[in-house]
Amino acid sequence: MPTSDYDPACLPDLLPLYYRRLFPFSQYYRWLSYGGVSKNYFQNREFSFTLKDDIYVRYQSFTTQNELEKEMQKMVPYKVDIGAVYSHRPSQHNAVKSGTFQALEKELVFDIDMTDYDDVRRCCSAADICSKCWTLMIIAIRILDRALREDFGFHHLLWVYSGRRGVHCWVCDDAARKLSVAARSAVAEYLSLVKGGEETLRKVVLSDPIHPFINHSLSVVERYFQQYAIVEQDILCSKESVDKVLSLPIPVKFHNSLCQFWYHIKKYWKYLSCSHNIKKGGQYFDKEIMLQYCYPRLDVNVSKGVNHLLKSPFSVHPKTGRISVPIDLKELNTFDPFEVPTISLICEELERPRADEAEEDDVKDKENEQEAGERRRIRDYKRTSLAKYVKVFDRFLEAMARSWKGEMLKKSGELETSFSVFLTFMSFTYT
Amino acid sequence: MQFSGRRKKLIGNFQNDLYDQCLQFYGQPPLENISLTEFETFAVERLKLLKTVENVGVSCVKNSEQYTKKLDAEISSLNFPHRVELGDQKVQGGISEYEKRRKDHISHFILRLAYCQTEDLRRWFIQQEMDLFRYRFNCLHSKHKTDFLHKNNLKYETVSAEEKKNLKDKLIASSYGLSGTKVEEHDVYKVPFQDALDLVRTRKVYLLAGNAYIPHHEIVTIVLNDFRTRLSKALAMTARSLPAVQSDERLQPLLSHLSHAYVGQDYSIQKNIGKISLEQIDALSGKSFPLCMRHLHKALRENHHLRHGGRMQYGLFLKGIGLTLEQALQFWRSEFVKGKVDADKFDKAYAYSVRHMFGKEGKRTDYTPYSCMKVILSNPPSQGDYHGCPFRHSDPELLKQKLQNYKVSPSGINQILELVKGMHYQLACQKYFELTHNVEDAGFSLNHPNQYFTESQKFLSGGRDIKKEVDMSQRSQENPASVTHPSQANSKQAHEEMGDLDSFFQDE
């Protein structure tokens with residue numbers, strides 16, 4: 001599928017169209033309201049906008065979906081970030097007595113950025129990515145998704161492509177949103193294996209016993225290691241590159257195939273261990289190497305803060321034009337970041353006329369403005385490449401809605417009320 | 001009004017019950033009256049104890065023999081309760097176990113008053129109290145641990161025998177020191193992971209579906225978590241009732257002195273504002289910067305960029321040595337502009353954070369330069385970062401190379417590496433000072449990068465009486481509200497206590 005060439009200079013023209021006719025506001029609002037289980041949850045949420053000329057405004061908040069739409073269509077933000085749910089409306093934070101305005105809840109988030117892997121990527125560096133190093137994201141998603149679900153018991157995870165060089169994970173469970181700073185930082189550190197800055201050579205240190213989490217992660221890494229490191233990254237191609245690998249535990253001669261590589265390293269290792277030259281703990285050097293090359297590197301600081309602002313799903317990336325779309329984990333192996341639609345593509349797709357829509361236009365004059373607008377918008381994005389990603393988002397919301405229903409029932413506990421909840425739930429499923 | 005040295009009578013049995021265990025959660029505040037002297041003595045001695053806890057925590061591996069020995073010695077010499085049950089009435093040097101526990105109880109609550117006021121103070125206090133508690137809890141016999149749990153109503157859900165069997169291998173692989181037999185014989189507790197954060201953070205526990213599976217011998221970590229939460233809440237509450245306490249003229253000077261004493265100088269008050277020019281920085285980085293800042297400066301010059309962690313650590317340090325906001329902006333802008341950032345972008349994105357550092361944005365906190373403790377213990381560097389403590393965070397090989405580049409002698413390098421191996425990072429930095437300034441003894445105890453700079457500058461400009469000068473500047477920086485003790489004798493004694501406290505902190 002040819003992607004329309006994206007030119008950042010077109011953003012001022014494309015964005016208004018995007019926010020008027022394509023941005024999935026009703027699903028977005030449904031997400032952030034979390035079923036209305038907590039009062040004022042949406043109203044007390046902070047958004048921040050980056051406007052034209054890099055003007056950055058914080059503490060934006062909205063009372064209704066309508067207000068959110070109107071404001072975004074008016075301000076036309078280049079970037080939208082989502083922050084925490086506060087104790088008061090963020091837009092009124094100055095009127096609140098100092099010290100009482102506080103961030104209360106927020107999704108637990110993770111940001112995997114490709115630049116953090118620069119020391120082990122040979123194909124690209126900095127903001128670039130390619131299909132070879134994209135494998136790192138696949139590995140990261142598989143490892144973290146499993147751990148967050150199985151170890152931590154979370155259920156509602158939204159993985160989003162950031163639009164350029166990484167992925168974000170939004171953990172939306174009720175328990176996750178209520179986590180303290182200490183808890184968030186503990187979760188992030190549990191998930192961290194690669195530690196150290198420029199000055200650290202051996203960034204992964206394993207010792208007995210190996211925690212079940214590490215074993216799970218290793219099985220994912222091992223699946224991809226040969227393909228990624230040996231073939232795609234070609235870490236055995238030059239002496240320099242191999243030396244880098246081998247500066248980790250021991251120096252040894254290299255050979256061109258994986259089997260011979262490990263065979264010789266192991267032989268040399270046995271020799272060393274017989275002569276008692278190795279210090280304790282070096283026995284897992286092969287696992288350490290694999291982990292250092294492939295294990296996810298996350299920025300603990302992003303996950304720690306309750307008030308940390310993170311790029312919103314369906315926001316546009318100003319440099320690449322790509323929409324930050326949800327990733328369907330069932331199709332993870334075939335996800336191609338270069339196939340993600342750009343704003344120019346979907347705006348272009350919008351302009352293409354479709355024959356089968358002519359009939360629908362005539363119907364429903366009785367509908368009020370907003371509903372008509374929504375219907376139109378829903379028809380609109382369905383005509384573009386954005387459609388399949390909104391579907392992923394819909395499925396995510398449906399799964400969560402079932403848990404909200406449970407919450408509401410718990411709160412009310414009476415038959416009559418549960419009936420009205422049922423009705424509300426039904427109206428939410430309308431798309 | 002003045003209290004004499006006499007103590008009021010105790011309130012019957014209630015107090016006896018309170019002190020029937022060596023260790024306590026400090027749930028109930030003391031209800032008796034005490035003399036002002038006792039008030040001060042207790043507070044000062046506990047502070048000394050907590051300071052020792054902090055120092056041994058940084059210079060020794062926790063729970064190693066060295067750590068245990070040092071802490072034991074300090075606890076005994078300061079007459080705090082330790083390793084003895086109430087039944088053992090052996091009176092040592094006139095102070096009964098009961099008295100020690102009472103002191104423990106009262107002194108804790110006094111220090112709460114002094115340390116509840118700011119986030120930094122609270123964090124420090126909680127950290128040391130937790131370390132102390134952990135140490136004392138671990139000294140208890142297993143039976144006494146269980147007693148403690150029961151007495152304090154800590155009920156944790158135990159895992160069924162069948163589930164234990166199913167998870168046996170996983171449990172053994174996740175918890176240190178756990179064998180198959182231990183799993184079978186002893187209880188394993190299941191708690192929500194939010195209640196076991198220390199174990200989760202270090203991955204020393206098995207997690208499944210949001211629950212942490214804790215073996216019996218690890219239960220201390222859970223108890224600690226509980227301890228921390230309670231103490232944190234209590235401090236917040238104390239802070240709210242503090243104004244009433246502070247209005248008491250007898251207590252205000254002591255409390256204020258206590259909370260300043262722990263940290264010595266924090267370099268939040270810049271003394272040499274504007275005395276450094278930007279041109280001098282390159283030269284100064286080689287002569288008077290500690291290794292971490294020299295490293296950051298070099299990285300900045302080479303890459304024309306530093307990430308957030310590096311900007312904070314280095315930027316605040318520069319503020320501490322006397323750079324003005326204008327100078328700082330100019331410094332950072334000129335460097336970043338040489339890299340990928342144009343002047344406009346700098347003004348929009350990075351200038352804000354520089355002004356933030358100087359307290360001119362956001363909630364206008366005037367951030368203090370990081371102490372060594374903070375640099376070593378928090379925010380470890382990752383890929384692309386240059387901050388942190390090189391003695392702590394660099395590979396020994398790379399550290400060695402760097403020191404060789406800086407023309408440190410091979411024997412000096414070995415000494416430094418030995419100290420690093422023993423985890424004495426601040427001592428290693430001090431040794432670096434000694435080697436680069438060509439002096440036998442640094443003459444000070446390093447705990448802050450700005451202190452390194454000040455000492456170095458003093459040394460290079462010939463001011464060799466370093467110790468005396470620091471003493472004086474320390475005194476003058478204290479907040480000496482006049483102590484309104486009607487009795488001169490009492491006030492003199494109190495001042496001597498304070499003096500001791502000062503020199504105690506000077507002397508390490």
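These exercises work through a predicted model with chains A and B.

**Exercise 1. Describe the interface between chain B and chain A by its residues and its buried area.**

Solution. 
Step 1. Start with contacts. On chain B, 32 residues are in contact with 37 residues of chain A.
Step 2. Turn to area. The size of an interface is often given as the accessible area lost when the parts come together. Here chain B and chain A bury about 2800 Å² between them. Carbon and sulfur atoms hold 54% of that area.
Step 3. Arg201(B), Arg203(B) and Gln383(B) supply 29% of the area that chain B buries against chain A. That is more than any other three residues supply.

**Exercise 2. Find the polar links across the interface, then say which parts of chain B form its side.**

Solution. 
Step 1. Count the salt bridges. There are 2 between chain B and chain A.
Step 2. Pick out an example. Asp116(A) and Arg307(B) meet through their side chains, 3.1 Å from N to O. The cut-off for a salt bridge is 4 Å, so this pair qualifies.
Step 3. Count the polar contacts. Between chain B and chain A, 11 residue pairs are in polar contact, both residues being at pLDDT 80 or more.
Step 4. In chain B, helix H7 (161-174), helix H9 (197-201), strand E3 (206-208) and helix H19 (396-405) each supply at least two residues of the side that touches chain A. The largest share, 4 residues, comes from H7(B).
Step 5. Sort that side by class. It has 13 nonpolar, 11 polar and 8 charged residues.

**Exercise 3. Explain why four annotated cysteines of chain B can be said to gather at one spot.**

Solution. 
Step 1. Name them. An unreviewed UniProt entry gives the annotation "binding site" to Cys292(B), Cys372(B), Cys389(B) and Cys429(B).
Step 2. Compare sequence with space. They span 138 residues in sequence, yet no two of their C-alpha atoms are more than 10.0 Å apart, so they gather at one spot.
Step 3. Check the surroundings. Cys292(B), Cys372(B), Cys389(B) and Cys429(B) are in the lining of the largest cavity. One of them, Cys372(B), is in helix H17 (residues 372-377) of chain B.

**Exercise 4. Locate two backbone features in chain A.**

Solution. 
Step 1. Take the peptide bond from Asp208(A) to Pro209(A). It is cis, with omega near -10 degrees. Pro209(A) lies in the loop between helix H6 (181-190) and helix H7 (212-232) of chain A.
Step 2. Take Tyr59(A). Its phi is near 60 degrees, a positive value in a residue other than glycine. Tyr59(A) sits in strand E2 (residues 56-60) of chain A.

Notes. Residues numbered from 1 in each chain as written. Chains lettered and ligands numbered in written order. Predicted model: local features only at pLDDT ≥ 70, side-chain atom pairs only at ≥ 80, totals over all residues. Heavy atoms only, no water. Contact = heavy atoms within 4.5 Å. Buried area = accessible area lost by both parts, 1.4 Å probe. Polar contact = N/O pair within 3.5 Å; in protein donor to acceptor, adjacent residues only side chain to side chain. Nonpolar A, V, L, I, M, F, W, Y, C, P; charged D, E, K, R; others polar. UniProt positions renumbered as here; feature names shortened; annotations may be inferred. 1 Å grid on protein atoms, 1.4 Å probe; cavity = no way out; pocket = protein on both sides within 12 Å on 5 of 7 lines; lining within 4 Å.
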